[in-house]
Structure formats: C-alpha cells, structure tokens
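Here is a short briefing for a first look. Read the lead, then the points by topic.

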Amino acid sequence: MQDRLEKIVSLSKRRGFIFPSSEIYGGLAAVYDYGPLGVELKRNVQQRWWEAMVYEHENIVGLDAAILMHPMVWKASGHVDAFNDPLIDDRQSKRRYRADQLIEDYIEKLRAKGETQRAEALHQRLIAALNADDMPRALYQIIMDERIPSPDSGAFDWTEVRQFNLMFVTHVGPVASEETKVYLRPETAQGIFVNFHNVKDSSRLQIPFGIAQIGKAFRNEIVARQFIFRMREFEQMEMQYFVRPGTQMEAFEAWKEKRLQWHIENGIRPDHLRFHVHEKLAHYADAAVDIQYRFPMGWQEVEGIHSRTDYDLRRHQEFSGKKMEYFDPQTQERYIPYVVETSAGLDRTILMLLCEAYDEEEVEGETRVVLRLHPRLAPIKVAVLPLVRKDGMPERAQALARELRPFLNTFYDEKGAIGRRYRRMDEVGTPFCVTIDSQTLEDGTVTVRDRDTMQQVRIHETQVLAYIKERLQQWKPVHA
RNA sequence: GCGGGAGUAGCUCAGUGGUAGAGCAUCAGCCUUCCAAGCUGAGGGUCGCGGGUUCGAGUCCCGUCUCCCGCUCCA
C-alpha cells in the first residue's frame, strides 16, 4: 500500500502534477508546488466545490479574506494559547510530553500520596512558571529541581523544554518587534467570523445562511509528512453556516450527508469513505465528525464537519467589544448565531483523488497505468491525435483542436506511435482521445477513444464537442 | 524533535578507493494506418549540500539539508 503512494508521488513528479518546493536547493520540508497538470486538477476541484456550495445554494455566498489579520483575532480564537506548547523529550523512551502537563500529573501524584503541602507549593510554582518571561526555562527548572521522572520509562534523562509555536510569525512594517508581530493565518475560518456583519449586511442575508471561502492557511507542523497530506502551507475549502441556537444539530446532520455525497459524486467509492466521530471535542465544539478516506497509509481525515456553537462569534464580541448578535426579524429574537462548519483540505482532496484514480491493469502483457479521474476534474479533457504524421492528417487534427480549445482543455500531439500517445494520456487521466485517420480525409468522421474502456466510437468531426460535453455530464465512476 | 533507513540522469536503479553507467522517459530524423513496435543519432549528472582523510572519494569519516518508516504532535 505504501508502494502505491510512492508510485503516485513518482507519477506526480514525472508528469507535472506536484513538485517539491525549491527543489534545486534541496527542497523545503512539507511544502509542495503544483505543476502544469496539478494546477488544472486543483482549479477543477476548487471550481466543483464552489459550484456545489455557492452556486447551488441561494443562501450561501463567497468570501476571500486576507491571510494577514489583526493579531487580536488569534488571541480571541484561542490559537495564540492553544498553538503554543512547551514540549520536552525523554531521551530513553523517545517519548514527548507537554512540560506543563508532566508537572501537573506529578502534582496529582503527590496529592494522591497525601503530600498536600508539597503539591500546593509546586502548583504555585507551576503557575508562576507559566507566566514567566522565559516559560520553557522555568518549566525545565521545576522538572530538574523536583527530579520528575518519565512516566513511561521511569528515566530522568530529559531534553531541554522547547516551545513549539504552530503559527508562522512575520512583521508588518520595516522594523521587527513584538508590536509589529502578525501571524500567517493557521485557519481560514476566522476571516469569515470577523466579516460576519459585513457579509450579512451587504448581501441582505437572513439566518440560516453560509459564507464560503477557499484559501491558504499555514501551520508550522512539528511533523509534516506523507507527501501533500500534511503540509506547512496548505489550502482549505470551508464554509461557515450560521444558524439559530438550538437548530445546530439539524444543520450538522444535513451538512454531514451533503459533504459525503460531494466526494462520492467526484468519483470516490463509498466504501473508501467513512465518518469518524471525535471522541474528544475541541473546546469550541458541541459535535464534530471527520470524513475520512482510506489512503494507502490508512484512514485519514479529508474534511471536518464541526458544530462550533457560538464560541467564535462570542469570543470576537468579547475581545473586540463589537456586538456579534443577529436580530431575527421573524421571531423578534436577538442572539449570537451558532455555527456549523464544513472544512475540507484542498490538497488532501487532491491526494485522495489521485489515490482513488490511480490504477494499473494488464493489457496484452503490458502494464497500463491509468488515472480514472472524473472527467470534470481531469486536467486535460481531450487529446486530438493524427494517426500518422502525413497525408494532411496533422493539419486536419490541428484544425479540430483549434475548434475545441475555447470550450475544453485540449491537447494536441503528433509525435510517435499512436499507442504510446494513448497511454500517455491514460497516465494523466485524459478521458477522451480523438483520432484523425485516413477515413477522416474521406468522410470527415473521427474516432473517440474512451480512457476507461479503451473502446472507440466513430462520429463526425463536427459532433465531437457536443459528444464530449454530453459524456462529461453523464459520466459515472466504474464502481457505480 | 528522537531512533532507523535512504539521497547517483526526468523516473526506477546499478556502480565497495582508480576514466560516472543501464533500462525507461525526452528531443531530432527515418519508418509507421489504432493501443508504450523498430532503426539511427542527440541532449541530460560538479553522484543532495559543505568540510575532512587520501596521490586519488559516488565509494571512507564528520556536519548539514531533504525524503521514507516508527515514536511524538495534530482545530
């Protein structure tokens, strides 16, 4: 199975889907670039999502908020605290702990043993340490002074306490100081929350309504791995749905099903998808479920559906002093709306689609590699190929390609044997290959080859566009 | 961040101290009338990067970066 992921990584590089960032300088960990075909696939996925969310719902509108935001946003959201963990490693067991957690557990142990006084003193010291300027150093000193052993190995062989800040920091203005510090957003959601009134008022929306957004987010992950699954710079497709308090579970259930269905419509087998219920809820949520996909490396999250309560809007109301309430003209009620969020990882969706689409099959003793992507998502929609490079076939083929280009991403190729050209197109998921042969020169008919079945039909060249458009609409995945 | 493994042509890899290679891919030409055919030729590598040992390093040593696996973390 791991083998499969490697093949996909290799294909991505070879055919121009995904490259490691800054590769000529040795790469930058967990950052990737989309190549010529990758960017087509990515744009098609974004387009599908936007259509499904914004165009197909009269009460959902779009937004494109800035990556840089006022630093108070992240204090209000809880990211400044939650994304700052003091961590320490046990050199013996190779396990990592949160230093403050380690001390707290130790205090609990003292209490259990009846050493109340010592526990209380230590507790005071812990609080002081957490508020110290050099918090990691202060925590480290406690662990050293108390000789707190590792809970697993019992060893006393610690590394230094290190601060892991998952938010990227940069500075506004030419001088870098504490006052000019801003963050690259670690999630896109806050851009929607802070614009709640702007969007509602300018769009004359009434609850329930949603705001959708596609954009980059940044997390300085400690461990980032598995190709584009966990990246430091990644893209989210998310929608925040604002509802009347008390109706959130209804919306939550509805969006769960809608979002699962979206992935299935994109060609993902239903048995490769599942819901994974969060057992431990985040501080802001009253319900949370992940849509997981069976990746080669195991079941992993692709999209989260979270019932975020009124946490975010309430916090922004507290921190900004601005009212985040909604006045319901029907019921004459005033309340802070509850929020149901659907948040999909765009890059993870791409990886899922590649994993799902990648297929190898034996054809007359040769291995055929084919990306069975949904035609609507395929980077190239149609290839136009002269059977041989003579008798005016190339000219005829180029004329057809020119006609198709304004409507479909069209690829023209006349080099080498026809079989090789077909297989190249299979490998990048091109659903249709139109071939100009000697019969075309006589009666104007061409063959259209289907990527999945390798079957050909013969139609008139003037009908190619209509035929392909119809097939794009009707396409059903092999498993359906 | 810790431990283990790896990094040589676009891809997959061989090369165990003595002139950098193969297959596939790419490009050009020839040939080719439907599924990676053939022939001829070409381009492409300071062997991840930096230092050291040596007369001589892809090969040995140190450092560093990146990737993979495990641990850890994960809104």
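A helix crossing is left-handed if the near helix is turned anticlockwise from the far one by less than a right angle, and right-handed if clockwise. This is a predicted model: local features need pLDDT of at least 70, side-chain atom pairs count only at pLDDT 80 or more, and totals for chains, interfaces and linings use all residues. Residues are numbered from 1 along each chain as its sequence is written.

**Confidence**
- The complex has an ipTM of 0.82 and a pTM of 0.86 from the predictor.

**Helix 5 and helix 6**
- Helices here are DSSP runs (H or I, at least four residues), numbered from the N terminus.
- The axes (lines fitted to C-alpha atoms over the stretch in contact, with angles from 0 to 180 degrees between N-to-C directions) of helix 5 (residues 99-112) and helix 6 (residues 116-130) come within 9 Å and cross at roughly 165°.
- Helix 5 and helix 6 are therefore roughly antiparallel (angles over 145 degrees).
- Their crossing is left-handed.
- Contact (heavy atoms within 4.5 Å) involves residues including Ile103 and Leu110 of helix 5 and Leu122 and Leu126 of helix 6.

**Helix 10**
- Helix 10 (residues 248-265) has 18 residues.
- Its buried residues (under 20% relative accessible area, 1.4 Å probe, protein chains only) include Phe252, Trp255, Arg259 and Trp262.
- Gly267 follows helix 10 and has a positive phi, near 105°.

Note on methods. Chains lettered and ligands numbered in written order. Heavy atoms only, no water. Helix = DSSP H or I, 4+ residues; strand = E, 2+ residues; numbered from the N terminus. Expected span 1.5 Å × (residues − 1). Buried < 20%, exposed > 50% of the residue type's maximum accessible area, 1.4 Å probe, protein only. Parallel < 35°, antiparallel > 145°, perpendicular 65-115°, else oblique.
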